[in-house]
Amino acid sequence: MLQRTLPLPYPVDLAGTLAGVQRGTHDLSCTIRDNEVWRASRAPGGPATVHLVAHGSTIEAEAWGEGAEAALDAVPALVGLDDAVDDFQPDHPVIARLWRDHPGLRIPRSQAVYESLLAVVLEQRVTIFEARRAHSQLLRTWGEPAPGPGDLLLPPDPEVLSGVAYYDLHVLGVEKKRADTIRRVAATARHLDALAQLPAAAAAERLTHVVGIGPWTAAEVGLTALGDADAVPVGDVHFPSDVTYVLTGTAVDDDEAMLDALEPFTGHRGRVIRLIQAAGLHAPRRGPRYAPRPIAEH
C-alpha cells in the first residue's frame, strides 16, 4: 500500500465531483459514501485500487496494486483540482445560487477513457436500469478482483474484452450494435486512454471518429474522463427539458433550445448541467415514462 496526503486549495465535494465517475450506486468498480471513495481502475498506470477520504483541507489517499503510484499521482486530476473555475461567475439567479450551494463541485478528469466508454456505450438506446445491469454483469463476467481491500472489481482487461464473441455480450442484454462498439473500444483502448492527455475538446472530437461513438457518448466521457466543463450531452431524454426549465422557466424537450439556453455559459455548460443535477432540479414530468428515445450514435 502507498499513502499520500493531498492538500486542498479549497474544499472539494468528493461525492458530488465523482458522482459521474461512478456509474450508478451499484457500480462494482467504484463505491462512494459521503466523503469517502473506493475506486478500482486500470488507468492511468495499471491495475490499482484507490481509497480517498476528504478531511476539509486535505484528502487522504491510499492505493494498492501495480498502478498504485500512478493512481496517486492522478488523484488531483481525478478530484477536479485541474478544473479552472475562476471565470465562472454566473449572474443567472438560479445558477448563481446553485454555485453558492455547491462550491466544492468540480469536473473530474479520471483519464480512464476506455473504462468510461464501456459504461457509457452500455447506456445508449436503453433504460438506465438495463444499462446498469449490463455493466454489473460485464464486470462480474470479465472483470478481475481489484488489488487491496474494498471488494471491488477491475473493469475487464481490454485485450480480453476485444476477443469476446458477440453472443456472449448478447446474453447480457447487449444487442449487436452496442456489442460491436464495446469490442471496438476494447481493441483500441490504449489509444483511447492516450486522448486524456489532449485538450478536452480535441479529445472529444477524436472520440467521435470511432464508429458507434457520437456526440452524446463523447460528452459523457468528457465530463468524467477528460475534465471537459463545457461538454453538453445532446440527445439525452431528460436534459433538454430539465435545463430549459431551470434556465428559462419553460420546459422545452429540444436540444437546440437547450443549447440556446446554455449559450451564455459557454466554457462551463457541462458544469451548469452538473449543478442542476446535483440540486435534483427537474422539469415537471408529464405523461407515461417508458424507454428513452434512441441516442443517435454513429
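Tutor: Leu-28 sits in the loop between helix 1 (14-17) and strand 2. The model is a predicted one. Which residues does Leu-28 contact, leaving aside its neighbours within four places in sequence? They are Ser-136, Leu-139, Arg-140, Leu-152 and Leu-153. Tyr-10 is another matter. Leu-28 and Tyr-10 are 18 residues apart in sequence, and their C-alpha atoms lie 30 Å apart in space.

Now follow the chain from the loop into the sheet. Five strands make up an open sheet, ordered 1-5-4-3-2, with antiparallel pairing. Strand 2 (30-33) stands at one edge and strand 1 (2-7) at another, each with a single partner strand, so one side of each has no neighbour in the sheet. From one strand to the next, the twist averages 15°.

Strand 3 (residues 36-41) pairs with strand 4 (residues 48-55). The sense is antiparallel, and the pairing runs over six bridges. Take Trp-38: its bridge partner in strand 4 is His-51.

Back to the contacts of Leu-28. Ser-136, Leu-139 and Arg-140 are among them. Helix 6 covers residues 128-142. What does helix 6 pack against, and at what angle? Its partner is helix 5 (residues 113-122), at an angle of about 140°. The two axes are 8 Å apart. Angles over 145 degrees would count as roughly antiparallel. Helix 5 is therefore oblique to helix 6.

The residues at this contact can be named. Helix 5 brings Leu-118, Ala-119 and Leu-122. Helix 6 brings Ala-131, Ala-134, His-135 and Leu-138. By class, the contact of helix 5 with helix 6 has six nonpolar residues, one polar residue and no charged residues.

Finally, step back to the whole chain. Its secondary structure comes to 15 helices and seven strands. The C-alpha trace spans about 50 × 45 × 35 Å along its principal axes. Why does the radius of gyration agree with a compact globule? With 298 residues, such a globule would have a value near 19 Å, and the protein chain has 18 Å, so the two agree. Of the 298 residues, 53% count as buried. Contacts tell of sequence range too. Among those with a separation of 6 or more, 65% join residues 24 or more positions apart.

Terms used:
Residues numbered from 1 in each chain as written. Predicted model: local features only at pLDDT ≥ 70, side-chain atom pairs only at ≥ 80, totals over all residues. Heavy atoms only, no water. Pairing = 2+ DSSP bridges. Helix = DSSP H or I, 4+ residues; strand = E, 2+ residues; numbered from the N terminus. Axes fitted to C-alpha atoms, helices over the stretch in contact; angles between N-to-C directions. Parallel < 35°, antiparallel > 145°, perpendicular 65-115°, else oblique. Contact = heavy atoms within 4.5 Å. Nonpolar A, V, L, I, M, F, W, Y, C, P; charged D, E, K, R; others polar. Rg over C-alpha atoms; globule rule 2.2 N^0.38 Å. Buried < 20%, exposed > 50% of the residue type's maximum accessible area, 1.4 Å probe, protein only.
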